[in-house]
Each structure stands twice: as C-alpha cells, then as structure tokens.
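The tour below goes stop by stop, with a selection at each one.

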Amino acid sequence: MKRKGDDRVRATAPVKASVKAPTQSQSQSQSLGRPQQNGVRPGANAPSKSVLTRQPSRPENTDLPAAMSAQTDVEQSPAIRLHRALAKARGKRLLICIKGYPDPDNIGTSLCLQWMARRYDIDTTIVHFEAISHHENKALVKKLDLDLVEYDDNFDVSNFDYYAINDSQTIDLPLELPPKCRLLAFIDHHKTLGSVEGEFVDIRENAGSTSGIYGEYLIEGPVGFSDNSAEESRIATALMHGIRSDTDNFVTAQPIDYRSSEYFAQFVDKDLLSLISHQSIPAKTMDLTQVALQRKDIRGTFMFSGVGFVRDEDRDGIGQCADYLLHREGIDTVVVYGVVGNQFIDGSLRTKSHTLDPDRWLKDVFGVDENGKYYGGGRKDKGGFQIPLGVFARCNDRELLWILIKKTIDELFYQKIGIEESSSIDNDGQKV
C-alpha cells in the first residue's frame, strides 16, 4: 500500500536509519558555495540550541564555506548539512514528494524546501499522490494559492535528477523513478523505520513536527527569512500551521517546536493563520460522527466504532470522529474504522493512555503483509491502519461484506485487550 493519511503510517521492519556521509577529506574539499539572495535572520549568530545534538558555534559569515570545509559532516549541524546537499544539486531538477493525504506539516515543509532549493538554481516540482480532502488542508492550499501537482498516469518523472520526502517514515512511492534519480533529502519526526540512504537524512523522534525541524534549519542555516516578503510570510504561515496541527495545538509540542514557532511568529500572516485554523466542520464529518456515536462499542477504557462505508473524499472524517469520541468520560483509547472508497479498511486510533504505544499496539494487532510491511503504526498519542480489501472489494452485497469486516476487526481488538466477545456491551456502555 502506498497511502498515508494524517495519522497512517507504513514501513518495513524497524531498523536504524543510515546516511552515507562523505569522508573527512571529502568534506574538507567541498564547500557550500554562495546561495543566492542570502538573508540574515534575527538571532542567526546565536549559539545553537538544537534538541537533537549540541551544535558548534556559528561564525558571523553566514555563507560558511571556509568553516564548513574545516569540519566533517558529523561535526556540522543538520542545517549546514542540508545546505551542503542542496549545493550538490545546484542547477538540477528536484521532485518533492508529499506521501499520503497532504496535511499542513508536509505541505509547509515541502514549500520551505522548495524555497531553499531555489537559492541553488534547483528547479523543483511538488507532487502529491492523494486528493486533498481535509477541510483545513483545502483552505490552506486555496488561501495561500499554492502550486501543488496531483499525480496521475501522465506525470513525467524522466527528467528529475533528485527527489525529496518530508514527514514520512519510508521512501516508498507510488511511482517508479528513473535510475538516475537519487534521494536528496529525507526529513521526518516519526519513529525510525526502515533503512534510508540519501544525501541528507534527518529523523528526529524528539520533535513534535517536521515543520519544527525546518524552523531550526532556517534559524541555524545560512539562509533564512529576512525581508518579510509575501512569499516568506506565506511559507511561515504554512509552517506555523504545520506545527499547530501536528502537535494538537502545542499539547504534544517539544522544545524545537516552540523555538521554531517563536521564529515563525515574526513573519506569519496571523489573520490568515486564524482563518485557516478555524474552518467549519463539513456536514459529512458531522454525519459520520453521529454514526460513530450510534455504533460505539465500549470495552473498559476502550471504545471501538465501525462506521461502515465512507467515501474516499470523507476519509479524514474517521480521524476527526476518533478525536471527538476520545473526550468521553472514562475512555482513554478510541479506534474508529470504516471501508474507504470500497478499496481499503481505514482506521484511526487516539489515546490518552500513559502506557499504550499506538505504534506497537497497531502493529501487534494487524501484523504485516506478504511483503513484510506493517498494516498500521503511529506515534505518541495517535495512529492508524489501512488494509486492502483485495478480491473482497468485488462483493456486491455490501451489508454482508460489512458484517464480515466488522466481526474480523472487532475480534482482533478483543483478543488484543483480553476481553471475550460474549461479554457484550450496549451502546451506552452497559453490560447486557
């Protein structure tokens, strides 16, 4: 499977990510070069406070060619190493890939990477593979007038020299890239899953958002926002929205997210950010929430709800239903699932539990497919799963198909939490 929603995660078996770094002699002989339209940010020369590693002090010369050639990649900050990678791709073509359903975090970071790449005469295209469905994400793209390309069979990838991925656990893509096309940058804040090799790889499990990581690049790197241009304001607004959405309004934010938010605050369009962040809930999502409430199944502190068949464009409503149901008193974990687009069983998990790990829990429940890829996964307080219907999608009796799906999924959940199916619960959570 190739899709990831706001909370869906797919990967191979967990192994530590790796990066092929140049040798010391190579690092000493290669310099960044001067990026175009170099800007100096407030506080750019302050000592680094990266949450990942202690960074060396930066010299006042923000171009850093001499300083960089005197250090190995290991000794340099992630911000400097990213710009080294961009410098190697000067004048080339870069495909920035948004995996799964576009969300504020991967949209904002893709825009920022495109902006950085332009300083090195890199021709970039941002492509997404799934429709933009969530109402806030639609507003983000429309209000900021973003130039994003939706992939189809006519999309030509033959001329790209590099590709980049933000906010994703794996490099799997639903298209075949030419052999010459290499991974330039892979930046993420989820758990390390799979082996990733590229010119620049930065995975921060201690960051609440990928947008927060990009804030560090702008603060500590040789290029950052400086002139309050309309474009910089637009990108800063998208990145701030990315932090807000991925950290649940800063509830799960980490130091790097707060530091980056303080930086972005100088440039964001606050009226526009407020407009994007307070879009009304679509009627279909409200209807789906009503269905989820009617079909809730409470087992101890767990609540499960199968909402039946859901249109592909309403898929994001499943996660929103889970968010809402988690507010019920006495419940600390919610799972909502349904059949999306008559192709996949899609589900979202939300939890307030201090002991339940969504990533491990969902992987234990659903296991892996024939290729060894997990059907589900997650992060600190949320997760998701996606299971293809396969040949069962041909079944014309949707009522019978749903009975089979619900019985199978529910039994897997009951086995995981150690509750017998015969111990039935009514819709108000009372034993019968």
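Buried means under 20% relative accessible area, exposed over 50%, and partly exposed in between (1.4 Å probe, protein chains only). Helices (H or I, at least four residues) and strands (E, at least two) are DSSP runs, numbered from the N terminus. This is a predicted model: local features need pLDDT of at least 70, side-chain atom pairs count only at pLDDT 80 or more, and totals for chains, interfaces and linings use all residues. Residues are numbered from 1 along each chain as its sequence is written, and side-chain values use heavy atoms, leaving out hydrogens and water.

**Stop 1: helix 12**

Select residues 358-366. Seven of the nine residues in helix 12 are buried, so the rest of the structure largely encloses this helix. Color the buried ones: Pro358, Asp359, Trp361, Leu362, Lys363, Val365 and Phe366. What do they pack against? Contact here means heavy atoms within 4.5 Å. The partners are strand 8 (302-310), strand 9 (333-340), strand 10 (344-351), strand 11 (376-378), strand 12 (382-388) and helix 13 (398-417).

Now zoom to the helix ends. At the N-terminal end, aspartate 357 is the cap: one of its side-chain oxygens lies 3.1 Å from the backbone nitrogen of aspartate 359. Just after the helix, glycine 367 has a positive phi of about 65 degrees.

**Stop 2**

Select 333-340. Eight of the eight residues of strand 9 are buried, so this strand too is largely enclosed by the rest of the structure. Two strands pair if DSSP finds at least two bridges between them. Phenylalanine 309 sits opposite valine 339 of strand 9. Show helix 11 (residues 316-325) as well; strand 8, helix 11 and strand 9 make a right-handed β-α-β unit. Right-handed means that, with the strands pointing away from the viewer, the path from the first strand over the helix to the second runs clockwise.

Strands 9 and 10 run antiparallel, joined by eight bridges. Valine 340 has phenylalanine 344 in strand 10 as its bridge partner. The two strands form a hairpin with three residues between them, and glycine 341 in the turn takes a positive phi of about 60 degrees.

**Stop 3: the nonpolar cores**

A nonpolar core is a set of buried Ala, Val, Leu, Ile, Met, Phe, Trp, Tyr and Cys residues joined through side-chain atoms within 4.5 Å. The largest has 53 residues; Leu86, Met116, Tyr217, Leu218, Phe225 and Phe264 touch the most other members. Apart from it lies another core of 22 residues, including Val335, Phe385, Phe413 and Tyr414.

Key: A polar contact is a pair of N or O atoms within 3.5 Å; within protein, one must be able to donate a hydrogen and the other to accept it, and residues adjacent in sequence count only if both atoms are side-chain atoms.
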